[in-house]
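Please read the sequence and the structure side by side.

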Amino acid sequence: MAFIIEMIFRDAGDVRRSIHVAHRDYWKRLADQGVLIGGGLVGDGSAAMLLCQASDEQAVRELIRADPYIRSHVIAELRVRQWHVLMGVPQVERPEPALVRPRDGQAVDAIDHDPLTPHERRIALMMLEGKTNRQIAEHFSVSTRAVELHITRIYRKLEIGRRAQLAAAMSWGQGQRSYL
């Protein structure tokens with residue numbers, strides 16, 4: 001079953017920043033196990049949303065109790081809701097390759113042709129980790145405008161319009177989860 005976890009943060013920015021790496025590492029391990037499907041910050045960064053797969057709500061709540069943010073009391077409000085997928089299926093495993101037939105008639109494995117360049121993929125992964133455009137720019141020592149232009153190209157290539165659609169549009173099965 002799929003579950004949506006909504007976390008609304010207390011105004012404890014310094015505490016949250018100090019344990020962010022532990023929180024991120026905890027959920028990355030769960031992503032590697034196929035439990036976390038996707039997640040990230042919502043709106044102005046005062047909340048986060050996670051999409052998980054688990055046997056039942058109790059199992060999800062057990063996972064949440066071990067989150068460093070929960071243990072450090074930086075979450076003001078927490079909601080867990082079962083997500084009834086009406087269209088599509090949350091993909092945890094790498095899907096079977098889709099075959100596309102170009103004009104010459106030969107089948108091509110569509111998944112092996114990532115539309116993003118390696119640099120665009122690094123930027124997209126940083127976005128999924130909740131980094132702001134300014135933080136991404138500082139990481140690469142470029143202007144915020146340069147990052148915005150890359151993000152525009154990423155959105156066009158993935159045929160999406162906003163960050164909230166990025167996790168679903170990216171192919172997580174390729175094992176490229178590091179931007180360093």
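Does Ser 141 count as buried or exposed? The model is a predicted one, and in it Ser 141 counts as exposed, at 67% relative accessibility. The cut-off for that class is over 50%. Ser 141 sits in the loop that joins H5 and H6. Its backbone has a positive phi of about 55°, although Ser 141 is not a glycine. As background, most residues other than glycine have a negative phi.

His 73 is another residue with a positive phi. Its phi is near 60°, and His 73 is a residue other than glycine. The loop in which His 73 lies runs between helix H3 (68-71) and strand S4 (75-83). With a relative accessible area of 59%, His 73 is exposed.

Now to the chain as a whole. It has seven helices and six strands. Read from the N terminus, their order is β-α-β-β-α-α-β-β-β-α-α-α-α. Of the 180 residues in the chain, 35% are buried. Among contacts with a separation of 6 or more, 65% are accounted for by residues 24 or more positions apart. The chain exposes about 11,200 Å², and carbon and sulfur atoms supply 52% of that area.

Two packed helices are described by the angle between their axes and the distance between the axes. How do H4 and H5 pack? Their axes are 10 Å apart, at an angle of about 135°. That angle makes H4 oblique to H5, and the crossing of the two is right-handed. On the H4 side, His 119, Arg 122, Ile 123, Met 126 and Met 127 take part, and they meet Ile 136, His 139 and Phe 140 of H5. Sorted by class, this contact has five nonpolar, two polar and one charged residues.

The next pair is helix H5 (residues 133-140) with helix H6 (residues 144-158), whose axes come within 8 Å and cross at roughly 110°. H5 is therefore roughly perpendicular to H6. The contact of H5 with H6 has four nonpolar, two polar and two charged residues. From H5 come Asn 133, Arg 134, Ile 136 and Ala 137, which meet Thr 144, Val 147, Glu 148 and Ile 151 in H6.

Glu 120 is part of helix H4 (residues 118-128). Why is Glu 120 classed as buried? Its relative accessible area is 3%, and buried means under 20%. Leaving out residues up to four places away in sequence, Glu 120 touches Pro 115, His 150, Arg 153, Ile 154 and Lys 157.

Arg 121 also has its place in helix H4. At 5% relative accessibility, Arg 121 counts as buried. Arg 121 and His 150 are 29 residues apart in sequence, and their C-alpha atoms are 10.0 Å apart in space. His 150 is also one of the residues that Glu 120 touches.

Notes. Residues are numbered from 1 along each chain as its sequence is written. This is a predicted model: local features need pLDDT of at least 70, side-chain atom pairs count only at pLDDT 80 or more; totals for chains, interfaces and linings use all residues. Side-chain values use heavy atoms; hydrogens and water are left out. Helices (H or I, at least four residues) and strands (E, at least two) are DSSP runs, numbered from the N terminus. Buried means under 20% relative accessible area, exposed over 50%, partly exposed in between (1.4 Å probe, protein chains only). Contact means heavy atoms within 4.5 Å. Accessible areas come from the Shrake-Rupley method with a 1.4 Å probe; for residues, only the protein chains shown count as cover. Axes are lines fitted to C-alpha atoms, for helices over the stretch in contact, and angles run from 0 to 180 degrees between N-to-C directions. Angles under 35 degrees count as roughly parallel, over 145 as roughly antiparallel, 65 to 115 as roughly perpendicular and the rest as oblique. Ala, Val, Leu, Ile, Met, Phe, Trp, Tyr, Cys and Pro count as nonpolar, Asp, Glu, Lys and Arg as charged, and the others, Gly among them, as polar. A crossing is left-handed if the near helix is turned anticlockwise from the far one by less than a right angle, and right-handed if clockwise.
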